[in-house]
Amino acid sequence: MDMVSFKGIVFIVSALVAVASSLLMVTRKNPIHSALWMIVTFFAMAVIYLLLNAQFIAVAQVMVYAGAIMMLILFVIMMVHMEKGGESDAGKPRRSAKTRIAWALITVVLLGEILLGALFYQMTGQGGEYSVEVVNRVGHVKTVGALLYGQYLFPFEIASILLLVGIVGAVVITKRK
Amino acid sequence: MADYIWLIPFFPAAGFIINSAIGSRASKTSVAWVACLALFLAFLSSAAVFYEFLQLPATARVFEKDIYTWIASGELNVNIGFRLDALSVIMCLVVTGVGFLIHVYSVGYMHGDPGFKRFFIYLNLFVFMMLLLVTGNSLPLMFVGWEGVGLCSYLLIGYWYEKDSAADAGKKAFIVNRVGDFGFLIGVFFLFISLGAQGVWTLNIAEIGQNAHLLNGAVVTVITLLLFVGAVGKSAQIPLYVWLPDAMEGPTPVSSLIHAATMVTAGVYMIARLNFLYSMAPDTLYVIAVIGVLTAFFAASIGFAQYDIKKVLAYSTISQLGFMFVAMGVGAYAAGIFHLMTHAFFKGLLFLGAGSVMHAMSGELDLRKMGGLRKKTPITYWTFFIACLAIAGIPGFSGFFSKDEILWKAFSSSHGDVWIWLLGAATAGMTAFYMFRLFFGTFHGECRASEEVKHHIHESPRVMTIPLMILAFLSLVGGYVGIPHLLGGENAIEKFLAPVFGPEAPMKTALNFDIVRSAWASSGAAGHDGSLELALMVASVLIALLGITLAYIFYIKNPSLPQRFIERYAGLFRWVHNKYFVDEFYDFIFVRGLLKLGGILLKVADGWIIEGAVNGTAAVVKRAGDRLRKMETGYVQEYAFAIIVGAIIVVGYLVVRPIF
Amino acid sequence: MLQENPSDLCFILSGVLFTIGAVGAILRRNVIVVFMCIELMLNAVNLVFIAAASALSSMDGSIFVFFIMTVAAVEAAVGLAIFVMVFRLQDTVNADEMNLLKG
């Protein structure tokens, strides 16, 4: 089994997992199930990032999304849905057939447009200096780190201030009066 | 000195700033010292420039210095810069010199006033603005000074703001001046664009002077007339003179400094400054001369029937300003400036004397309650007497030389006319009469004041009398800088000013001598021009003496005569006493008329059009909002849905467009 | 079809995930699920960035994704705090029952 097809198979498998789990995430009635399927999606995407030579992002994906954010969401679900469970969508009148068709149409149109765009257009951007070989030689994490602490130092610091503001904001909002 | 001419306006400005900053904490003495010292230093700088001028050849007597770029916008470039030449240095000397004396006088006069510090802050600001006006080298800077002195005038007229009449008088002065300033401003704009149309975009006075020949006659006439409207307002000429008598509500030193010696002469100065334009517009000059002489005559006639001593002096000021405008109007700019200077001396002195009288009489202003002050206030008496002689035009006193110069030019200049001379000479006689009426009524005869007031009469302190004496000295000798050639002098001031005013307006070739010749043939005075000038001089002196004699007969010899006269011509008297009802007329036509017009506009323009538009817009928006708010359901997902639909449309367009 | 650099496939995958996220965000009523759908959409965009950057031998995609993740984290913290507050006040996390913005 040569490398190309192995990578291809891994990609196909992860893509299918991502699509299937995200569909399940959207359709589950219980939000806890949704959240768990969401974690699966994130893991599948982390695998794809790895395939695309973005090791740092893949790790960050797992840590930040699958780890921190989903943890937070699960906490909140537990706090909020103590007694009501996941059935908050229940008890609502079902949507009429017309709306459903309209929604299906909108979904198809949106998807169609995006796929059309993805299939019809070639990338015209200019190639950069970080080819796969370069990144593999230096290491993705090191490359990203050098950029973040060099060229993008100022946005990086701004991002840290943003995080600080977010922390303070979250604390202030949830503080009991 | 040439690089330091900005020091002249700088000193009063510094005084103003220092006193504003520390005024609330400093003692009265230190405020007075700062204010007076600022003026004195400004006077010294002016004197230094003057002295340096005298060392230089006549053509080199111009100092110009830009210190800051004020406005630089496309073609419009205005610098803050100062320019001193023969004309402005004389103005500086008068403003700072007389201003300094009046400052010193005010220290005594305002001593007990609670607003002492405020008074000196305003005075310093005023002097700064006045110096800006006379030294500014561009029209906008001149206009800043022009408006600045107007502001200070307003502040100082309404100095005792708790008095309704003072506050009203301030407003009146400000609003009437606004009419004039409007004309002035339009004139400046018009001048700017007309010169710009010729390719010269400038507001610098000297540059305007160099390029004035590019303008054609009609345009210059319009421009000069508009500028003259400003002068009419500022210098209280017909028809905008009404504010000046009311301005006497201010403290007397203010009347002296602002409303006699300096600010009201700004119009005269402006015309003299822009003489190159006015000389190009003979029609405007004629208008100026006519307005000047009519103002002189009418104001003098009103002066006959006033009992308030400051009002008499106010009308006298208007009248004398009229004389200056006659001088401008006949192209005798130097004579006008000469009279401006001597007038600053003797009219400043008269007002300060009146202030001293008020001081003695516990604030009394009514002529009918005065009299007999000669013994009790000897210094005031003698200085006042000298000033009266000067204003009456008695030979040897300053007023004689300047006034006679104007009258002679009014007669002989090619812009002049015989009737202007006649009216001017008659006014001179009237001036002599009402000034001596005032003088006799105040200082001679029985004291008609109440016992209590009588008891208090005393001479003013030295801080007030010394400025009086200095000004009296100046009124006495100030004229000797302009002794006409006829009397063996060389008319130094005219020679000094010649570089500014250029060649004099030519004499009439065929003077309307015939009338005068025949009139004077019998006395053998007719002949060549010199003797004609002498004859006119003698005539005006005789007229002045006649006025004094009449005043003597009426008010000393036969004090019951005026009363009989008033009873005989009660209607006429009432008419004149009430200033020909001009105020009432203006009130009826302009004030009420404008109020009514305002009422109509309030209802139609404001009520229907503007409010209609505003309320209509609001109503349309409100109705649209009522409809549109139905779209705002408050459900986040509906908003998200709208975003998605929008995204579908935009992305659809982007994706599909290149395909087709 | 299975090339060394599967960026075209990544774009298709990203489009599918984005559509699922967008439709889910509008149709689901539970705000927390809606929130997750939004995260899914963000991930779809991240994927495009990474794929395109990989195809173009550029590093900017990774940097961009890094910042998007930062923003997503902050958004999660603040957003979830808001949900907790809303639940405390209104006793619901149902988007259909929140219409204080109604005009």
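I began with terms: Ala, Val, Leu, Ile, Met, Phe, Trp, Tyr, Cys and Pro count as nonpolar, Asp, Glu, Lys and Arg as charged, and the others, Gly among them, as polar. This is a predicted model, where local features need pLDDT of at least 70 and side-chain atom pairs count only at pLDDT 80 or more, while totals for chains, interfaces and linings use all residues. Residues are numbered from 1 along each chain as its sequence is written, chains are lettered from A and ligands numbered from 1 in the order in which they are written, and side-chain values use heavy atoms, with hydrogens and water left out.

**Entry 1: the interface**

I looked up contact (heavy atoms within 4.5 Å) and found 80 residues from chain A and 73 residues from chain C. Chain A and chain C bury about 6,800 Å² between them, 77% of it on carbon and sulfur atoms; this is accessible area (1.4 Å probe) lost on being put together, summed over both. Leu52(A), Tyr65(A) and Met123(A) supply 9% of the area that chain A buries against chain C, more than any other three residues.

I sorted the side of chain A that touches chain C into 52 nonpolar, 18 polar and ten charged residues.

**Entry 2: the cavities**

A cavity is a set of points on a 1 Å grid over the protein atoms alone where a 1.4 Å probe fits but cannot get out, and lining residues have an atom within 4 Å of a point. A volume is the space filled by probe spheres set on the points, which are joined across faces, edges and corners. I found four cavities of 30 Å³ or more. The largest cavity has a volume of about 130 Å³. Of its 15 lining residues, the closest to its centre are Leu52(A), Asn53(A), Ala53(C), Ser54(C) and Ser58(C). I noted that the lining of the largest cavity has eight nonpolar, seven polar and no charged residues.

How values were computed
Buried area is the accessible area (1.4 Å probe) that two parts lose on being put together, summed over both. On a 1 Å grid over the protein atoms alone, a cavity is a set of points where a 1.4 Å probe fits but cannot get out, and a pocket is an open set with protein on both sides within 12 Å along at least five of seven lines; lining residues have an atom within 4 Å of a point.
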